[in-house]
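Here is a short briefing on one protein chain. Keep the structure open while you read.

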Amino acid sequence: MEPFTRHEGLAVPLDRDNVDTDAIMPKQFMKSIARTGFGPYLFDEWRHTDPGYFGKSADARTPVAGFVLNQPRYAGASVLVARRNFGCGSSREHAAWALYQYGFRVIVAESFADIFFNNCCKNGLLPVALDAALLVQLSQEIEATPGYRLQTDLAAQTLTTPSGQTLAFELAPSLKTLLLEGLDEVGATLAQAERIRAFEQRHLQRAAWL
């Protein structure tokens, strides 16, 4: 996983509460046993008028003209500004995979479902919780300003708007470390492999009958 330190990217507003994981990554696209290839199907049923399936080319689909991710001004966006309770619903990790593989690196919302929040941090995607009033402000500024870009500094735990306004956010130290070092929990454990082996050797010496 690529370490997350700083990021600057085009922002896109998704003005909806309770965006669930089935909307983010519909169940019919979860048949692959690989952890890749999900990006093209992000928000599939909101982005297209016709049904899709895993492996169907986007060139053969009919887009919903009014959906924000289909608007040319937001092409290449990497910061998603949403609303309350983002990532609710089932615990599918595919939702975080799809967002990351589509190109998003930061998700800003008033609140997140707990499992989704942790899945983001374990997959290189930074979830940022901000007050509702700030989200309204950001959404209005994004819609009024084509090319609106947000800067994210994880070490400082800040977002910076184009006007220079700095917005602070909180993140648990353990999750912050995973993102900064580009590790999931397995990777963090393996980083202590030498200490683990040393402990095992000492433990076998003390309890050789095991």
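Which residue's side chain does Glu8 meet in a salt bridge? The partner is Arg149, at 3.4 Å from N to O. The model is predicted. The points below cover the sheet, the salt bridges, the aromatic pairs and the charges over rings.

**The sheet**
- Seven strands make up an open sheet with mixed pairing, and their order is E4-E3-E2-E1-E5-E6-E7.
- E4 (126–129) and E7 (166–168) are the edge strands; each has a single partner strand, so one side of each has no neighbour in the sheet.
- From one strand to the next, the twist averages 25°.
- E1 (residues 6–13) runs antiparallel to E5 (residues 149–153), and five bridges join them.
- Within this pairing, Leu10 has Arg149 in E5 as its bridge partner, and Arg6 has Asp153 in E5.
- E5 also pairs with E6 (residues 158–160), again in the antiparallel sense, over three bridges.
- Gln151 has Thr160 in E6 as its bridge partner.
- E5 and E6 form a hairpin with four residues between them. Gln157 sits in the turn and has a positive phi of about 60°.

**Salt bridges**
- The structure has seven salt bridges.
- One of them joins Glu8 and Arg149. Glu8 is in strand E1 and Arg149 in strand E5, 141 residues apart, so this pair links distant parts of the chain.
- Both ends of that pair are partly exposed: Glu8 has a relative accessible area of 43%, and Arg149 has 37%.
- Asp15 and Arg83 form a salt bridge, with their closest N and O atoms 2.5 Å apart.
- Asp15 is in the loop between E1 and helix H1 (21–24), and Arg83 is in the loop between strand E2 (79–81) and helix H3 (94–102), so the pair ties together parts 68 residues apart in sequence.
- Arg83 counts as buried because its relative accessibility is 16%, under the 20% cut-off.
- Arg61 meets Asp50 in a salt bridge of 3.2 Å, N to O. Arg61 and Asp50 both lie in the loop between helix H2 (44–47) and E2, eleven residues apart.
- Arg61 and Asp50 are both buried.
- Salt bridges link Asp44, Asp50 and Arg61 into a network.

**Aromatic pairs**
- The count of aromatic pairs is twelve.
- Phe29 and Tyr41 are stacked, at 4.5 Å centre to centre with 10° between the planes.
- Both residues of this pair are in the loop between H1 and H2, twelve residues apart.
- Phe29 is buried at 0% relative accessibility, and Tyr41 is buried at 6%.
- Trp46 and Phe67 are edge-to-face because their planes stand at 65°, with ring centres 6.1 Å apart.
- Trp46 is in helix H2 and Phe67 is in the loop between H2 and E2, so this pair ties together parts 21 residues apart in sequence.
- Trp46 is partly exposed at 24% relative accessible area, whereas Phe67 is buried at 5%.
- Ring pairs join Phe29, Phe38, Tyr41, Phe54 and Trp97 in a cluster.

**Charges over rings**
- Arg16 lies over the face of Trp46, 4.0 Å from the ring centre.
- Arg105 places its charged end over the ring of Tyr100, at 3.7 Å from the centre.

Notes. Residues are numbered from 1 along each chain as its sequence is written. This is a predicted model: local features need pLDDT of at least 70, side-chain atom pairs count only at pLDDT 80 or more; totals for chains, interfaces and linings use all residues. Side-chain values use heavy atoms; hydrogens and water are left out. Two strands pair if DSSP finds at least two bridges between them. Helices (H or I, at least four residues) and strands (E, at least two) are DSSP runs, numbered from the N terminus. Axes are lines fitted to C-alpha atoms, for helices over the stretch in contact, and angles run from 0 to 180 degrees between N-to-C directions. A salt bridge is a side-chain nitrogen of Lys or Arg within 4 Å of a carboxyl oxygen of Asp or Glu. Buried means under 20% relative accessible area, exposed over 50%, partly exposed in between (1.4 Å probe, protein chains only). Rings of Phe, Tyr and Trp (its six-membered ring) pair if their centres lie within 6.5 Å; planes under 30 degrees apart count as stacked, over 60 as edge-to-face and the rest as tilted. A charge sits over a ring if NZ of Lys or CZ of Arg is within 6 Å of the ring centre and within 35 degrees of the ring normal.
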